[in-house]
Amino acid sequence: MRRLAGRAGALLAVLLFAGLAAAPNGTAGAAGTRAAPTARRFALLEQPAFVTLGSDVLLRLSITGPVAGLDVRATVHSAITSRTAFERSMTGDRLGSTVASTSAAADSLPTAASGGRVFTLRLQDPNLPRDSSRLRLQVPRGTRTGVFPVEVELRDPESGDRISDFVTHLVAVAPATDGAPLGEPLNVSWIWPITADPATAPDGKVRPAFLRAIGEDGRLSLLASAASRSGDVPLTLVPGPETLESWAQRAKIDPVANAGVLALRAAARTQQVLSGPYVGIDMPSLERAGLGEEASLELNQGAVVLGNVLGKRLDSRTTTEAPLDPSTLTRLQLGGVDRAVVSPRELVAPEPVPQFTPSRPFTLQNAGKQIAAYQTDEGLTALLIGKSPPALRAAHFLAGLAVVAIEQPNQTRGLVIEMPQHWNPEQALLDAVLAGLDNNPLLAPVTLDEIFDHVPLEQQRRSAPVVRELAPVNPVAATVNPGHFRSTRDHLSAYKSTVPANDPLAVSGDRSLLISLTSAWPGAAGRRASTARLDAIDAGIKGFSNLIETPPSGLTVTLTSRQAELPLSFNNQTGRPVRVQIRFESEKLEFPAGSTPDGATCTQSGSGFTCNLPPRNTTIRFPVETRASGTFPLQMTVTSEDGKLTLGSARYTVRSTVVSGVGVFLTIGAGVFLAIWWITHWRRSRRQPIRPATLAT
């Protein structure tokens, strides 16, 4: 046994040595000498949104890797008859029976000028004699349109192995023979949010993520460019006011950013633009925190900013705000909103479950008032988001719209597709969907205004409008601390009464105050960001206060006359004029009404003065009257003009050497009295006789 083990070990050593010798660069094993096979990739690059039976369907495909000996095969399945069947077919589940198929050698496919290879599906015209070289598709009875799942495969014909595959959908329209209409096209309103998280960090620096978004290949730049050249396809744009304001500011120094802003302005001239809050906020949370009025200010400021940047009056009737609860909706209604776009998750589920896709506006009941509302289609929206190739996502989306269109082809209906806030589409996806919506016989792209105006309200069987309610909302805690926010807001308001209207700290402070309410960063991260912004405002105001110097406490001022001047020096190191209120408190000093201090522009208000302090040092002489002589304290306080922000204070000692009129009168009177007494006493003493002295016995 030991001899056999020794021989086996020797043989293993020989084999191992041979392997090491054969491996290049000293790498052992066969893996080091064998080249890794080239990965094959197979994807859809382009397909038409719809085709007419009898025409050729050109599928532009991307095929990478060696294709010699491989086939491309397309298998067409029976037409889909419901939304449920369509959703199942997306994953290749229950595709239905096979109605036609065709294949071709992969290396024989012609190369497209725009890249990739072209695979052709030749469709049979049902009105012509049957052609064996064409695929015969049968649309559902009673209609001229069918949506057919198509399984496209890259396969090895010898082994039958499927190398790669995908499922797309073919929207086919039968040619009219008797002038029969195709049906009422489905109205489609596509909402594009063009917004980002707040552009600046709490320290005021522009965030790198925002700069990337508005860069040459950035997400926001792409959306703005696509919106400006959407052609005859109406869109509804929802720009973020803070995003657009920051973008326009950056455009002053950045040509790429400027091009994006110009593109968005061009799009706004032809597309519907909705207004919204300055930054994304959770209105129910703010209501719960007692900051509902701040939400109204966010909405007002948002409308002002968008109007200024875009130069266009915005739609204030329609809201896409979420989440919605009764108090939020009431506040929006007070601002003029009478139309709402809501997610199905925000509504109480209807009973019974509707047979067809919800595709009409309904009446939303709130606090005794009713407004028109439209439910978004989140299922179709999700088809545009994912990791599938852009062309395939676009094909699925357009086919899904077609499925809804043929559910009830002879009725006026519509869908609202709202993209998520941070939607980051590819250019190919936008191009494919916009092209597919343009001149589509089944679909009619419209704005939100148009879909509300043209599509009738959903009604019950008795012609009564369908009334729905908002689902209960349990607001989360606001990320901003209400007490901290109110304190900072009040300090900032006081500060603004002190400086000019265009003061940089006042402008940036207003902006930071609005941003501190954002719900962009939830949880602990949001609380930290909000607190940091409020702290930055407070620090700026404190730093400003420290730059206004008053004479230090402990000084002694001597007054030598009853009416005198109190000279005090103020050093304004802020670099800009400030308007302050200077108040005095003293029991023995008076400031004559209507007195005008010398050295600065001041107006009197009681025992205080509102003064304009120019930059640098200023000495102001305040007219005063002293009530008495002696030494007594004087308290001075410097505040903002509204008195709510203390900028400085000091306590001085006033020494008055003045004898008052009453004191002089009493002194003279006492002297006169003593003189009269002395003269009287002297006269009496001279008139009395001198008696001789006697001795006591």
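## Report on a predicted protein model

An open sheet of 3 strands is arranged in the order β1-β3-β6, and its pairing is antiparallel. At its edges stand β1 (41-46) and β6 (117-122), each of which pairs on one side only. From one strand to the next, the twist averages 35°. As background, the strands of a sheet pair through backbone hydrogen bonds, either parallel or antiparallel. The structure described here is a predicted model.

One of the pairings in this sheet can be followed in detail. Strand β1 is joined to strand β3 (residues 56-64) by 5 bridges, and the two run antiparallel. Phenylalanine 42 has isoleucine 63 in β3 as its bridge partner.

### Nonpolar cores

The largest nonpolar core contains 130 residues. Within this core, the residues that touch the most other members are Trp190, Trp192, Trp247, Ile582, Phe584 and Phe622. Helix α11 (residues 390-405) gives the most to this core, contributing 9 residues. Another core, of 34 residues, lies apart from it; Leu109, Leu135, Val150 and Ala174 are among its members.

### The disulfide

How many disulfides does a search of the whole structure find? The search finds 1. A disulfide is a covalent bond between the sulfur atoms of two cysteines. In this model, the bond joins cysteine 602 to cysteine 611, with an S to S distance of 2.2 Å. The link of cysteine 602 and cysteine 611 is right-handed, with 115° about the S-S bond. Are these two cysteines buried or exposed? Both cysteine 602 and cysteine 611 are buried.

### A buried threonine

Threonine 639 belongs to strand β27 (residues 630-640). Its relative accessibility is 8%, and threonine 639 therefore counts as buried, since the cut-off for a buried residue is under 20%. Which residues does threonine 639 touch, not counting residues up to four places away in sequence? With that exclusion, threonine 639 touches Val580, Gln581, Leu645, Thr646 and Leu647.

### Backbone features

| Residues joined by the cis peptide bond | Omega |
|---|---|
| Alanine 322 and proline 323 | about 0° |
| Glutamate 351 and proline 352 | about -5° |

Proline 323 is found in the loop between β12 (318-319) and α9 (326-334). Proline 352 has its place in the loop between β13 (339-342) and β14 (362-366).

Positive phi values in residues other than glycine form a further topic. Asparagine 439 is not a glycine, yet its phi is positive, at about 55°. This asparagine 439 lies in the loop between α12 (427-437) and β17 (443-446). Asparagine 439 counts as exposed because its relative accessibility is 69%, and the cut-off for an exposed residue is over 50%.

Arginine 616 also has a positive phi, near 75°, and is a residue other than glycine. Where is arginine 616 placed? Its place is in strand β26 (residues 616-626). With a relative accessible area of 68%, arginine 616 is exposed.

Methods: Residues numbered from 1 in each chain as written. Predicted model: local features only at pLDDT ≥ 70, side-chain atom pairs only at ≥ 80, totals over all residues. Heavy atoms only, no water. Helix = DSSP H or I, 4+ residues; strand = E, 2+ residues; numbered from the N terminus. Buried < 20%, exposed > 50% of the residue type's maximum accessible area, 1.4 Å probe, protein only. Contact = heavy atoms within 4.5 Å. Pairing = 2+ DSSP bridges. Axes fitted to C-alpha atoms, helices over the stretch in contact; angles between N-to-C directions. Disulfide = S-S within 2.5 Å. Core = buried A, V, L, I, M, F, W, Y, C linked by side-chain atoms within 4.5 Å.
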